[in-house]
Structures are given as structure tokens and as C-alpha cells.
Amino acid sequence: MPSINDRRIVVVVGREETDREDVLDVLRCRNSVMEALEKSGYEAIPADITREDFCSYESLMMKILQYEPACVFNLFEGFSNSPFMEAQFAALLESLGIPFTGNGSRALANCLDKAIAREMLRRAGLPIAPGVCIASERDLHKVSRLRFPLFLKPRLEDGSVGIDGDSIVYDKVDLWHLLKERLQLFPHGVIVEEYLDGPEYSAALMGVQPFEFVAAARVEYRKDLGTSTYRGFDSKWRPESIDYQKIVTVIEKGIQPQRRREIEQLCRKAGSVMGCQGYFRVDLREGADGLYILEVNPNPDINVDSGFTKESEHRGYDYSSMVARLVEMAMNGRLGYVKLRKGFSSTVHRYSSSDECLLGSRN
């Protein structure tokens, strides 16, 4: 193991040829983080990882170790058709024993797989919308007990990929048609849930259990201006869309005190159940009988204009201090990653037969 420079931070992102806005935006976030690190006195070094790098464990390992980093600022989110690679890269860092920001491989893998996440939250007694995972047309009978309207989202995606203006269906005919279409696009499965139409919230958390509750925000939809009533891909990544321009989040305003306490309590429990640490976001929405957890995001956008950053600013962290805090938590050993004996976590699966050369093939 090379010697360690205690102020050298390697900032890792994935790089690929794509026009996907969410993938390209990670490069912009990398630049923001590097600038913030430099302001805090760190030496920030970029390390862009390509799909080809995953063909060799040794070369990928040396791509990180050559810089002798004290810490890796991990912004790697996988690739456009392989989001699960983010968990495999975290497993690599765990095997090397290098401190890194954000969540470990187990939390990343479990949160990404919405079928697993739903089951973990349900078993812990936390409220989730009634729903099922459909992996093929043979599973269609599973939806018979659900009440319309229904909401469809891919099982293995994040960043609202696969959520668009057609994601709500109101009858069986539309459901069968959309399921057939979405299963072709997302063959690992589609989550079908009863649609919740109450107020929606998002909360940012940092650290380790019981976590620092950074802030809660209320999502404001503007049907009168033609926006959607849920957050799809356009609302997050396409500035030219009406959803991006008109759907806003209002931090810590308009939330009743009792509801605010319930949000905080549910978010802390959800983070604990999913094994989160470092930083993460929880999305919730009200149904007819209370709050439901929509998603636990273990790798939220932390760019300068992200919701997480705005909530951190509300808490009193400017951007540089927030970035520095994430690094300090990793470097002071507060994030209890398990150092694997060899290879990669057995909990991190390979989902695609096209990924024969990737790290998962070493399991």
C-alpha cells in the first residue's frame, strides 16, 4: 500500500459517451466539489472511470492508488445502463480500505433495488405504498389487489430515470400497455404502486445513526401552470421543461410541526433500516391515512444547485463546509465500512449478462 497524503482527495466520477443529462451532470458536480475542496485546503485530484476500467481489477485499483489518496470523494454512480456498478465500485474501495465519502456498497445496492428496499422497509414496519414488482407478463396477476390510479417506475434505476408523463395509469388497459412497454425498456422489473396524491416532502440527512437531520422540504407542484403532479426525469434534468422550471421545493415552510416530527422520525428509521451513512435523502408523500416513504436515495445529487445543498445551506453549511464535512466524516473513521477479506461483496449482484468483464464477474 502506498504512503498516504493526508490532504489529497481523489474525486471519482464515471465517464462515458452519452447524451443522458443526469450522467453528464455528474461531471459538473465533480467540478463543484473539487473547487470546494480546494477552498478548504485539500488537494483535489480528478479520476474519471470508464467502463473499460472495470475489465481489470488490478488496473482499476491502481487508477485509484497511484494518487496515494487520504480519501476518495465518491461521485461514481455507475453507467447509464449499469447503475448497479456504483455499489460494485464502493465494494472495491471497501476491499482496499480507503476512506470514501457517502454510503457503502450494501446500502447502495439495497436502495437501488426498489423491490429489496420496499421489502426491507415493510419488514421494519415502515409505511410504503401498496405495490408489487413485476418482472414479466407472467406476474401481471399480482396487481389485481391494487387500487387505481397506479404509478410505475423501474426497479433498478435512480434519478427518476424511466419516470415520465405516462407513469400514471388509471385502468387495466393502460396498465397492460404501459407494463409491456416498460418491461422491454427495463427488463429487470417494474415497480407498480398505488399512486399517492397528497403533499410530498424530501429530507436530507448526514452522518451515522441516529443521523444529523439537515432539513425537510415540501415539494410544490403547479397544476395551474401545467406541471406534473410527481417528480419525473424532466423535473430534475431538463431545464427547458415546464416541470424543471415550475416545480419547486420549499425548505422548512408550510409543514405542520406534528408532520415535521413524523417526517424526521420516519427518515431516521428508514436510514437505519437501509444501513445508510455519510449522506442520503428520503422522499415521502402523504396518502389518505398518513405519510409513506417513496424512496431512500443513498447517492443524491450534491451539486451547488441541488436540493440537498439548499437544505444544507438552510442548516448553516455553505457549499465548501458541506463538502468538507462529508470528507471529514469519512477520514475520521466515523463511517464504519466493513473491510472485506478479498474480492467483492457477495451482496452486490451482477444484473446484466452483457457485463461479463465487469467487477461482478469476480464473485
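Guide: Let's start with a term: contact means heavy atoms within 4.5 Å. You're looking at a predicted model, in which local features need pLDDT of at least 70, side-chain atom pairs count only at pLDDT 80 or more, and totals for chains, interfaces and linings use all residues. Residues are numbered from 1 along each chain as its sequence is written, and side-chain values use heavy atoms, with hydrogens and water left out.

Visitor: Okay, which residues is F308 in contact with, leaving aside its neighbours within four places in sequence?

Guide: Quite a list: A204, L205, M206, Y279, F280, P300, D301, I302 and M322. F308 belongs to helix α10; helices (H or I, at least four residues) and strands (E, at least two) are DSSP runs, numbered from the N terminus.

Visitor: Is F308 buried or exposed?

Guide: The cut-offs for that word are under 20% relative accessible area for buried, over 50% for exposed, and partly exposed in between (1.4 Å probe, protein chains only). F308 has 2% relative accessibility, so it counts as buried. As for A216, which sits 92 residues away along the chain, its C-alpha is 9.8 Å from that of F308.

Visitor: Now rings. How is a pair of aromatic rings described?

Guide: You give the distance of the centres and the angle of the planes. Rings of Phe, Tyr and Trp (its six-membered ring) pair if their centres lie within 6.5 Å; planes under 30 degrees apart are stacked, over 60 edge-to-face, and the rest tilted. This structure has 9 such pairs. Take F151 and Y230: with centres 5.0 Å apart and planes at 75 degrees, they are edge-to-face. F151 is in strand β5 (residues 150-154) and Y230 in the loop between β9 (212-220) and α7 (233-237), so the pair ties together parts 79 residues apart in sequence. Both F151 and Y230 are buried.

Visitor: What about Y279 and F308, how do their rings sit?

Guide: Edge-to-face too, at 5.7 Å centre to centre and 65 degrees between the planes. Y279 comes from strand β11 (residues 278-287) and F308 from helix α10 (residues 307-315), so to speak a link between distant parts of the chain, 29 residues apart. There's also one aromatic cluster made of F54, F76, F79 and F89.

Visitor: How do I read a charge over a ring, and which ring does R7 lie over?

Guide: Check that NZ of Lys or CZ of Arg is within 6 Å of the ring centre and within 35 degrees of the ring normal. R7 lies over the face of Y42, 3.9 Å from the ring centre.

Visitor: And what does the side chain of K153 make a polar contact with?

Guide: A polar contact is a pair of N or O atoms within 3.5 Å; within protein, one must be able to donate a hydrogen and the other to accept it, and residues adjacent in sequence count only if both atoms are side-chain atoms. Here K153 meets the side chain of E193 at 3.4 Å. K153 is in strand β5 and buried, at 8% relative accessible area.

Visitor: Last one: how many bridges join β1 to β2?

Guide: Two strands pair if DSSP finds at least two bridges between them. Strand β1 (residues 8-14) has 7 bridges to β2, and the two run parallel. Between them the chain passes through helix α1 (residues 21-39), a β-α-β crossover that is right-handed: with the strands pointing away from the viewer, the path from the first strand over the helix to the second runs clockwise. In β2 (residues 43-49), 5 of the 7 residues are buried, so the strand is largely enclosed by the rest of the structure.
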